[in-house]
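Please look over the aromatic rings in this model with me.

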Amino acid sequence: MKALLYIAISATLMMAAAGCTNLDVPVESQLTTIPNTQEGYVAATGSVYQKMSSQSFAVDFWRVIELSTDEAMIPNRNGSYYDNGSYIKLHKHTWTSSDLDAPWNWGYSGISECNRVLNLLSKADSSALRTQFTAEIRTMRALFYFYMMDLYGNVPITTYGSTESPTQSTRAEVFDYIESELLAAVPGLGAPATVTLEYYGRPTLWMAYALLQKLYLNAEYYTGTARYDDAVTYGNKIMSESGLSLEKSYMDLFSPDNTANNETIFVAVFDANKAQGNYFTRYTLHGTLKAKYGLNFSPSNAMCTSPEFFDLFSLTGDARDTTWLSGLQYDFAGNAVKNGSYQLNLTREITLTDAATMNVGAEVNGVSCGARSIKFYPDPNAVSRYQNNDIPVLRLADVYLMQAEALLRGGGSTTTAVELFNKVRARVSAPTVTSITLQDILDERGRELAWEGWRRNDLIRYGKWEDAWGFKIGGEGTFRRLFPIPATEMVLNANLVQNTGY
């Protein structure tokens, strides 16, 4: 049993995601007992982590931030997964304000729950436990606000118990708020050498530092003022003060039994029975691979990657190449996997039979096209379509690559940047280098962090968001670096101002 599941099970289940105009309304089913023991604090705060260990995060939120990049796509497979063109809009960047409410609802549901829990904790007696758990929930709230600021720009900063419709703060103001919350939380956070089982899925000092590093790395885009030196400062803190280190096996980080290790800093915890939501195998694998991976269900054959992104995985000896299935498929005994009367062939190329609907056509070749990810390795022990694999949100390899980028952008030590870059390469037996460019780092982040939710953030920071990939023609306009505020929220709250271009 994974540690966070004790938190999730012990906490009373919360109401579903709420819109921005109704963020902090009391709910009768909420846990309202004021905690005074370790177990009481765990139970009181568990509902916050349920927001991460949910289908709302792993499917609804994940799809929006990943299907809008070159990392993942869902073509129309002969009528399957057309879904009124919703995935086409994400891929081609043609969404409207009526299409993207899932991230907003998930993020503000998390913020609302943090506000409620912090209000409850404020009523507890002063103690070291109250200080620690308050710091943890403030850090979680900062993470939710980071996502909302990154996706929507000018967003409301809300307070618990307010009956007034909130107004928006500027992106720079939200940036300052996130920074101040993390800095205020730092003294109260636990600082285990690594993220031990006790802290697995909960914020630690290292999580706050990693989120600050990511905040400062993006500061020039968010606020207009570069903060690369600050990003380096917090990267150095993690590397010098923690006992974190890269795991020897890259694939162990994403296996069905992945748990506390030396590298993962913060993770969304999933369990096929107790914390359902990880659907990667269901949506990615072709149905004919069911027997090969010993699955108890037939995969749905939906998601693949773009040819351009797949081409990044071509370094000699790179273990990360094994996270993709492409070409003719065989079982573990070397026998051909049959797709009807033909051998299953997962092609790099994705050819359309109808451009307007992004239809790839029927079996055999159409529905089989596109390289498939098995990074979050198929879970043969899952009794349903849900997997046990946890999803890393922040980990040390990301810290190394952020540090290398901040050093290059800020005029720091190129020698150190190359050393950190090579640590990431060496772990997966990829070729090391003697020099690097910013483009090298972006490409390496693609290889290392594929499907971990950071590609959109990276492409925007690098000015690549408007590029062409797959069937996206590019040049859609920089206004699409922000998602539109959902139309439903605009109707409910007259104080909201829509993002430019929508």
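1. Start with Y293. At 7% relative accessibility, Y293 is buried, since buried means under 20%. Keep in mind that this model is predicted.

2. Is F332 buried or exposed? F332 has 61% relative accessibility, so it counts as exposed. The cut-off for exposed is over 50%.

3. W104 and Y152 make another case. W104 is buried, with a relative accessible area of 0%. Y152 is also at 0% relative accessibility and counts as buried.

4. How do the rings of Y293 and F332 meet? Their centres are 5.7 Å apart and their planes stand at 90°, so this pair is edge-to-face. The pair joins distant parts of the chain, 39 residues apart. Y293 lies in the loop between α11 (280–284) and α12 (307–310). F332 lies in the loop between β3 (327–328) and β4 (338–339).

5. Count the aromatic pairs next. The total is 39. One of them is W104 with Y152: the centres lie 5.0 Å apart and the planes meet at 85°, so the pair is edge-to-face. The angle cut-off for that label is over 60 degrees. Here, too, distant parts of the chain are linked, 48 residues apart. W104 sits in helix α5 (residues 102–121). Y152 belongs to helix α6 (residues 128–152).

6. Finally, check the charges over rings. The charged end of K472 sits over the ring of W469, 4.0 Å from its centre. R456 lies over the face of F483, at 4.8 Å from the ring centre.

Technical notes
Residues are numbered from 1 along each chain as its sequence is written. This is a predicted model: local features need pLDDT of at least 70, side-chain atom pairs count only at pLDDT 80 or more; totals for chains, interfaces and linings use all residues. Side-chain values use heavy atoms; hydrogens and water are left out. Rings of Phe, Tyr and Trp (its six-membered ring) pair if their centres lie within 6.5 Å; planes under 30 degrees apart count as stacked, over 60 as edge-to-face and the rest as tilted. Helices (H or I, at least four residues) and strands (E, at least two) are DSSP runs, numbered from the N terminus. Buried means under 20% relative accessible area, exposed over 50%, partly exposed in between (1.4 Å probe, protein chains only). A charge sits over a ring if NZ of Lys or CZ of Arg is within 6 Å of the ring centre and within 35 degrees of the ring normal.
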